[in-house]
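Me: I am new to this structure. Please take me through it in short steps.

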Protein chains: 2
Amino acid sequence: MKNNNINEKTESRRGFLKNIAASVVAAGALTPAALSAKDDPAIIKETEWGTKLGWPVDKYPYGLPSPYEHNVVRRTHKLLSSGDFYASVAMCPIQDLNGIITPNGLFFARCHGGVANVNPNEYRLMIHGLVEKPLVLTLDELKRYPSESVIHFIECPANGSTEWRAPQFNTLQFLKGMMSQAEWTGVRLKHILKDVGIKKGAKWVLAEGSDNSHMGRTLPLEKMLDDAMLVWAQNGEALRPEQGYPVRLLVPGWEGNLNVKWLRRLEIGDKPWHAKEETSKYTMLTPSGKAIRFFWPMEVNSVITNPCPDKPWTDLKKGDIVEIEGLAWSGEGTIKGVDISFDGGKTWVEANLKGLVLPKAWTRFSYMYKWEGKPILLSSRAYDDAGYVQPTIDQEVKVMGVEAIYHRNAIVTWEVKANGEVNNVQIRS
Amino acid sequence: MKNNNINEKTESRRGFLKNIAASVVAAGALTPAALSAKDDPAIIKETEWGTKLGWPVDKYPYGLPSPYEHNVVRRTHKLLSSGDFYASVAMCPIQDLNGIITPNGLFFARCHGGVANVNPNEYRLMIHGLVEKPLVLTLDELKRYPSESVIHFIECPANGSTEWRAPQFNTLQFLKGMMSQAEWTGVRLKHILKDVGIKKGAKWVLAEGSDNSHMGRTLPLEKMLDDAMLVWAQNGEALRPEQGYPVRLLVPGWEGNLNVKWLRRLEIGDKPWHAKEETSKYTMLTPSGKAIRFFWPMEVNSVITNPCPDKPWTDLKKGDIVEIEGLAWSGEGTIKGVDISFDGGKTWVEANLKGLVLPKAWTRFSYMYKWEGKPILLSSRAYDDAGYVQPTIDQEVKVMGVEAIYHRNAIVTWEVKANGEVNNVQIRS
């Protein structure tokens, strides 16, 4: 549904500008401890690293994060596993991310039979079925096609799946960490499908992985001829093993599992395949008892990343100005705006979109805020250029019930206590 | 100088469109070995990774590249060291990169006293000198300012420095690997300088590192109030140690060494400091015997990355269509276009700019080409929206001589032999 509260938006824009002005002009609140010895460089104490040689630049041919960042890692949880971590998910620490790129080492990983270690020299991709001229491509042959680079998120449709009945996780990483974003490089599938020659009657494409789960998903030919890609690189380097090295399918904005990894086969046909993973999983049970299959785009969504349960405001002092920040995204288009509520959704003000605003991509939003040390219920609500607005929990449950598991995109609310602690809560009418 | 050969450009554009059409329509040249058993999935042989469990997703909380990519690493060279690798540079494998993001593990690293391992809890940044209210900031205090994320390259002014007299390196990595690009997150310095209150007469800022070289560079206040930033993140995560963890200065488009790492001090003054690194290094000797100091922006530049000596065309067959690809960049603005020559600069055709075209950022260019197995002299020439065009070697040497060491941006030429081998050559009139 569209947001139609125009007056509220106009007011909120004024509020935002006022807040920005406060942060930049009334610097008092931002200015930390002034120097006592005003102009004396000696106040910067000499350090161990300032007096001894560091390590030589040839120590790490492939670099790693600072040892002090050892807590910023992907995490697994038994609630999100099948007893072991071969068919499971490692969650991205989105509470620690900056900007819109996820470093490859932290990109969330979902596997159905463990991470395959594919030998690129033995890699083959077959394209067959309702085609004039079936193909088997080596990796080198695939890379000879004209390449493109695009920035898109990938989100598992189970992101937030634990929250349908009541809050389960009190960390952002476990709540919403089944997503990440990268710059992907590869070839538009339409170029290859042109080469094989699609036969009349073709409507569907089966994408199958070469890992031992042979994960298979059916996709409409229309999407494959639109913006789908075969990608071999993420953030400049070869795909990581857990992202499908050497080649995965990229279907921008659609369910993560459709972006089939370690891709070995594309079969063109006239009917959907009803493969294991699209009947046993990735269907949504509705209140009528019927299940929805083949529901692909990840709907408009958003979440506040500062503060969050993992990054509380316990260090803030009353009167401090702080930047509320978050991520918004939509698999159906470009983020048009994000609203923020301080009273659990009763009233809304408009946030600022920051940096690159790209289609089917994470978009950063921001709101400069003066913390008064009083409890608030902090929510965000995104809307996209396809006309969709994030629903309330009540709105979503009314349509989907609580058994759908997948595609939960209801508004997330953080309870920020007077002492700055943050909890995941659910606002119901 | 501006490119004024309009007719040539018009012709080249037609050539490009024709070539693109050739690649997509006349698929014969692109289409690799067709299947013999046309529609039989069994032709995809079962593999070890298709029949055994992979590794569990909790094996690498911080992920690493595929073991098969072990050759894609930063490299050092004794010609680019001072006898050891504490004051040296590790070159980025730009020949292996895709798109415009460099993964953090491959970002080039230049150090003057080794890589400092800074404890972020002990980190302090002092801002003092000609200011009303000097400041010492902790990392948490710095991060409380409103943040922005921007994509910019960083290039050492010594990139290509070995090539002034004659070709020295026959690999792209050693020739042009002193640069990389990331998405950086931090705060515009102007917000902080507003808080400290710049005094009348202030014109210069000294930026000093906390590593044991205490690398210091003077910058004009004007740039610091324009787009300079204090950044704490690259590609979403904390800065890497070799990029100045926890905080570096970012001066978009200017010499790499000005982007002072492990930043501990900004002093505002009325004169340049003439610090060690800006007198003993980073000055350019001209033919008159005078040295140029304080010459900051990295000029418009480009290089072809496919093919290159590290990635020859020895596997190509006559008639194959291949994508010539490269990187173009300018520290003075946005890349407006790139020309390609097949005869060492006598005639030029226009390449296609791909993906995001951002100011002071790497821009990818591309040209679809039919390889006829005949020797060519392949060059690229970029121009930016500030009105600059990459010079020929003769033009650059006429102005700068051969002792400048820094800021070499003359056109690079690859000799592609009939067998597909590629060599770094220099075209002189």
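Me: Which residues are buried in helix 5 of chain B?

Reply: This is a predicted model, where local features need pLDDT of at least 70, side-chain atom pairs count only at pLDDT 80 or more, and totals for chains, interfaces and linings use all residues. Residues are numbered from 1 along each chain as written, chains are lettered from A and ligands numbered from 1 in the order written, and side-chain values use heavy atoms, without hydrogens and water. Helices (H or I, at least four residues) and strands (E, at least two) are DSSP runs numbered from the N terminus; buried means under 20% relative accessible area, exposed over 50%, partly exposed in between (1.4 Å probe, protein chains only). The buried ones are B:Leu189, B:His191, B:Ile192, B:Leu193, B:Asp195 and B:Val196.

Me: Why is helix 5 of chain B described as largely enclosed?

Reply: The helix spans residues 189–196. The rest of the structure largely encloses it, because the buried share is 6 of the 8 residues.

Me: Which side chain is joined to B:Glu242 by a polar contact of 2.9 Å?

Reply: B:Glu242 sits in the loop between strand 10 (237–238) and strand 11 (248–250) of chain B. B:Glu242 is buried, at 4% relative accessible area. A polar contact is a pair of N or O atoms within 3.5 Å; within protein, one must be able to donate a hydrogen and the other to accept it, and residues adjacent in sequence count only if both atoms are side-chain atoms. The partner is B:Arg74.

Me: How many residues of chain B are in contact with chain A?

Reply: Contact means heavy atoms within 4.5 Å. On chain A, 121 residues take part. On chain B, the number is 121.

Me: How many salt bridges does the rule find across the interface of chain B and chain A?

Reply: A salt bridge is a side-chain nitrogen of Lys or Arg within 4 Å of a carboxyl oxygen of Asp or Glu. B:Asp320 and A:Arg144 form one, at 3.2 Å from N to O. Across the interface, the number is 4.
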